[in-house]
Amino acid sequence: MAHKVSNLNGDFGVIIEGVSREDLCSSEFRQQAHQLWIKNGGLIGLRGIDLNKLTSNELMDWSAHFGDVDHDNFVAREDKKVDGLPILRIGNTRDESGKSNSNFSKVPALRNDNDMRYNPKTRRPVWHTDSTFRREPPIGSVFHCRKAPPSGGETLFADTRSSLKKLDPEHRKKLEELEAVCSLAHHDKKISLYSPGYPTLNEKERAANPPNRVPLVLHHPVSGEAAIYGLNSSTCAIVPKGEIISATDLDVWDLEGKEDDSVKILRDLLPFMTAPDFTVKWTWQEGDIVVWDNRCTMHAATGFDDKNYIREMWRLTLLQSNS
Ligand SMILES: [Fe+2]
């Protein structure tokens with residue numbers, strides 16, 4: 001079947017329609033998709049009639065073309081794996097015994113498209129870059145829809161190359177001199193403040209997971225393009241590159257889950273970065289596969305009527321690029 005290729009928002013994001021399972025095995029198609037992914041700001045979606053019958057192994061093979069699939073991201077989530085593979089099931093599904101077998105986080109549904117833009121008062125949607133606290137943050141993720149509710153559950157994406165390009169040069173220069181301090185202990189403590197019972201790191205675990213520092217302006221290793229980077233729930237401070245942080249400050253961030261005021265440097269940019277010019281709303285159909293690049297995009301989840309409908313997504317995380 002002939003493919004239809006369309007852009008999603010200017011040069012950000014692309015969809016290929018009419019894709020079959022067979023296409024996913026073709027090296028020519030894989031190469032074309034990878035090129036489109038890089039060219040269109042790290043966002044590509046595939047849609048086709050038989051993709052809802054894709055096997056977990058087929059999805060693994062496809063994903064491996066974009067990066068190394070992360071096998072180690074399943075601490076305490078073994079029961080959420082698809083077919084024992086490093087594919088995380090996300091949604092509100094249950095196994096035959098009625099036990100939840102997917103990762104579920106309750107987030108508000110969009111009321112309309114204005115809700116896509118970050119609202120500093122509600123701090124919603126939770127726009128972020130993934131896992132910046134890891135020494136090797138993921139290069140991206142693959143998301144595959146198995147079951148979609150009739151409405152809601154869209155995934156939002158923002159193009160952080162274009163927003164950087166539109167910043168005034170003075171502002172950009174300031175960002176280029178800064179880095180984000182990202183700490184797993186801070187991340188877990190912050191979440192435990194609104195989700196009581198969420199496990200936090202003990203002293204030993206904290207010592208084994210020191211903060212990771214990432215640049216606010218990241219140059220993409222393949223395209224060479226610069227993009228705004230580094231906002232995650234683990235981001236506890238923004239500092240000049242290389243600045244030493246005190247143990248007292250780190251204790252406050254890690255043990256109390258308090259964010260340093262400097263994080264506002266990024267948070268205050270979010271309403272601009274998530275303006276309609278830079279964003280895409282992906283409305284899922286069963287079988288859809290979306291690959292996003294964590295180095296030049298941000299994303300956010302939206303909610304759906306989880307009492308009445310089932311949503312099942314499969315997710316793989318990609319580490320360093322193969323290309
Ligand atoms: Fe995420």
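This note sets out points on the fold, the core, a helix pair, the backbone and selected lysines of a predicted model.

1. Basis of the model. Residues are numbered from 1 along each chain, as its sequence is written. Because the model is predicted, local features need pLDDT of at least 70 and side-chain atom pairs count only at pLDDT 80 or more, while totals for chains, interfaces and linings use all residues.

2. Overall fold. The protein contains 10 helices and 15 strands; these are DSSP runs numbered from the N terminus, with helices (H or I) of at least four residues and strands (E) of at least two. The C-alpha trace spans about 60 × 50 × 40 Å along its principal axes.

3. Burial and contacts. Of the 323 residues, 41% count as buried. A residue is buried if 20 or more other C-beta atoms lie within 10 Å of its own, exposed if 12 or fewer, and partly exposed in between, with C-beta atoms placed from the backbone. Among contacts between residues at least 6 apart in sequence, 79% join residues at least 24 apart; a contact requires C-beta atoms, placed from the backbone, within 7 Å.

4. Nonpolar core. In soluble globular proteins, nonpolar side chains tend to be buried together. The largest nonpolar core here has 69 residues, and the members that touch the most others are Leu 43, Phe 157, Leu 216, Val 217, Ile 228 and Val 291. Such a core is a set of buried Ala, Val, Leu, Ile, Met, Phe, Trp, Tyr and Cys residues joined through C-beta atoms within 7 Å. Beyond its neighbours within four places in sequence, Val 291 is in contact with Trp 37, Ile 44, Phe 66, Gly 140 and Val 142.

5. The H6–H8 pair. Helix H6 (residues 184–194) packs with helix H8 (residues 247–256) at an angle of about 40°, the axes being 6 Å apart. Axes are lines fitted to C-alpha atoms, for helices over the stretch in contact, and angles run from 0 to 180 degrees between N-to-C directions. H6 and H8 are therefore oblique to each other, given that angles under 35 degrees count as roughly parallel, over 145 as roughly antiparallel, 65 to 115 as roughly perpendicular and the rest as oblique. On the H6 side Ala 185, His 186 and Lys 189 take part, meeting Trp 253, Asp 254, Leu 255 and Glu 256 of H8. The residues of this contact divide into 3 nonpolar, 1 polar and 3 charged. In this classification Ala, Val, Leu, Ile, Met, Phe, Trp, Tyr, Cys and Pro are nonpolar, Asp, Glu, Lys and Arg are charged, and the others, Gly among them, are polar.

6. Surroundings of H6. The buried residues of H6 are Leu 184, Ala 185, His 186, His 187, Asp 188, Lys 189 and Lys 190. They pack against helix H7 (203–208), strand S11 (235–240) and H8.

7. Backbone of the S4–S5 loop. Most residues other than glycine have a negative phi, and most peptide bonds are trans. A cis peptide bond joins Arg 124 and Pro 125, with omega about -20°; Pro 125 is in the loop between strand S4 (88–91) and strand S5 (140–147). Arg 123, in the loop between S4 and S5, has a positive phi near 60°. Ser 131, also placed in that loop, has a positive phi near 45°.

8. Selected lysines. Lys 4 lies in strand S1 (residues 4–9) and is exposed, with 11 other C-beta atoms within 10 Å. Sequence neighbours within four places aside, Lys 4 is in contact with Glu 17 and Gly 18. Lys 281, in strand S12 (residues 279–282), is partly exposed, with 16 other C-beta atoms within 10 Å. Leaving aside neighbours within four places, Lys 281 is in contact with Asp 113, Met 116, Glu 154 and Leu 156. Lys 258 belongs to the loop between H8 and helix H9 (264–267), and touches Val 252 and Trp 253 when residues up to four places away are not counted.

Key. Contact = placed C-beta atoms within 7 Å.
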